[in-house]
Amino acid sequence: MKFLPVFLKLEDKTCLVVGGGEVAYRKIQSLAGTHARINVVARALCPEVEALVEQEELIKLASEYDPAQLDSCDLVIAATNDEELNRRISSDAHDRHIPVNVVDNPGLCSFIMPSVVDRNPVQIAISTGGASPVLARLLRARLETLVPSAYGKLAELMKSVREEVKQKLPVQRERRHFWESVLQGPIAELLLSGQEDKAISLLHQHLEDPAKHISQQGEVYLVGGGPGDPDLLTFRALRLMQQSDVVLYDRLVAPAIVALARKDADRIYVGKQSDQHAMSQDEINELLVKLANEGKRVLRLKGGDPFIFGRGGEEIDKLAESGIPFQVVPGITAASGCASYAGIPLTHRDYAQSCVFITGHLKDGKLDLNWQALVQPGQTIAVYMGVGAVRVLCESLINNGMNATTPVAIIQQGTTIDQRTYTGLLSNIADLVEQQDIKPPSMMIIGDVVKLRDKLAWFKEPGDN
Ligand code: SAH
């Protein structure tokens, strides 16, 4: 059977719900936002429905159903667990031409209720025509991840200037182009990233001379791609990746993640290895500005989190100076990703009350770190870029008073199918790195929390049984 999807206006209408259990409560919740008057008929009410009656959100008409209750009613929902009663309600409603929904019984319904992705006033309704409510729910869960939570706000903002745009752009085609440029460009992105004031002021700038702004203004998304597993991307990262015109990525970003960017986006590899730069940092900064000034939506995709040993701050510094709209999307940083996938909690009530992130990047063969702060007890040290400096690092920690038997883990290519975790002690881990030829990208975790791995390891690594 095929249904006609419609959205019913129920303001000041009267709805009757027969039944007062949890199923009825879910239906009542769907009705609640419509400003309908809701009457309930039920022998017993679950606590949630009871609370709504107490708050005068709905009225309990009676304990027993009576067809007379349908007299002034515009819509009925039968949500009792008495099949015979549900059947009677459906029949009475049909006789009176009142739309009726009977839970879990599409045959008795004159309308069915969809699964809804609600971004009021935007609503996406999903129906399988009653074939599989679970499938509808799963689909809904997928859409929930795709539609940003601030879409409702965006729709409200568009509504607030709709008339003005109509007057300024009387030609429909131009108006459509204007809306497209607003909804796919920096105004929408500013709003979705919580910069409402900036979005409104940019929208008003556009409204002063709408025709001029029909061509898009460029912008930059500085996005953290996480440590490797594409499933660890954020919803926002994925959405921006799929709407970018050009992608600048470096070596650390896993190919599987770069592949998720829009298929026809230009991809620019900007290298970046600690010793050899395919493009200098200044060149990257300049390129971001140049591409955005050409009106492009530029994705600057970085490994992990852009603000943790990622020079993200430098890249947006130039953008801020040039007045180019940008946003920063955090990613799961390597310390966090590797620790989780290796079964090593970075903090733990019994072993570590703090955690520090450091870089093992050598300057003239030396490590310039605050050793006293690092050798504190009850602290986990997460070392980025530490493989090359492992010997200097461990010796310095021991020389500054850290116990040589402190456990250490090295996680190579964490969160990917090639993840390998090695464990040892502060006194012997440097030898292990040489023997096993451990290579970057690898994360070192130093501290008693490493002991927990024996019990908590869950992610299967190559070579595990
Ligand atoms: N901004 C990134 C870090 C960049 S520095 C972040 O937040 O994760 C690069 C270092 O990160 C590497 O040398 C390595 O120490 C660590 N790293 C990044 N990805 C990793 C991975 N998948 N496995 C292990 N270490 C990783």
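These legends describe close-up views of the ligand site and of selected salt bridges in a predicted model.

**View 1. The shell around the ligand.** The ligand is surrounded by 18 residues. D305, I308, T333, G414 and S442 are the closest. Sorted by class, the shell holds eleven nonpolar, six polar and one charged residues. Domain 3 (219–332) and domain 4 (337–456) each contribute at least three residues to the shell. Helix 14 (334–342) and strand 17 (442–446) each provide at least two.

View 2. On its own, the ligand would expose 550 Å². The protein buries 92% of that area.

View 3. The model has a count of 22 salt bridges, and one of them joins the side chains of K168 and E164. The N to O distance is 3.4 Å. Both residues belong to helix 6 (residues 162–168). They are four residues apart, about one turn of the helix. K168 is partly exposed, at 39% relative accessible area. E164 is also partly exposed, at 31%.

**View 4. A salt bridge between two loops.** R262 and D245 form a salt bridge, with their closest N and O atoms 3.3 Å apart. R262 lies in the loop between helix 11 (255–258) and strand 10 (266–269), and D245 lies in the loop between helix 10 (235–241) and strand 9 (246–249), so the pair ties together parts 17 residues apart in sequence. How accessible is R262? R262 has 24% relative accessibility and counts as partly exposed. D245 counts as buried because its relative accessibility is 18%, and the cut-off for buried is under 20%.

**View 5. The network around R262 and D245.** This salt-bridge network links four residues: D245, R262, D264 and R297. The R262 and D245 pair of the previous view is part of it.

**View 6. The D437 and K439 pair.** The side chains of D437 and K439 meet in a salt bridge. Their N to O distance is 2.7 Å. Is this pair buried or partly exposed? D437 is partly exposed, with 47% relative accessibility. K439 is partly exposed as well, with a relative accessible area of 43%.

Key. Residues are numbered from 1 along each chain as its sequence is written. This is a predicted model: local features need pLDDT of at least 70, side-chain atom pairs count only at pLDDT 80 or more; totals for chains, interfaces and linings use all residues. Side-chain values use heavy atoms; hydrogens and water are left out. A residue is near a molecule or strand if one of its heavy atoms lies within 4 Å of it. Accessible areas come from the Shrake-Rupley method with a 1.4 Å probe; for residues, only the protein chains shown count as cover. Ala, Val, Leu, Ile, Met, Phe, Trp, Tyr, Cys and Pro count as nonpolar, Asp, Glu, Lys and Arg as charged, and the others, Gly among them, as polar. Domain bounds come from an automatic or database domain assignment. Buried means under 20% relative accessible area, exposed over 50%, partly exposed in between (1.4 Å probe, protein chains only).
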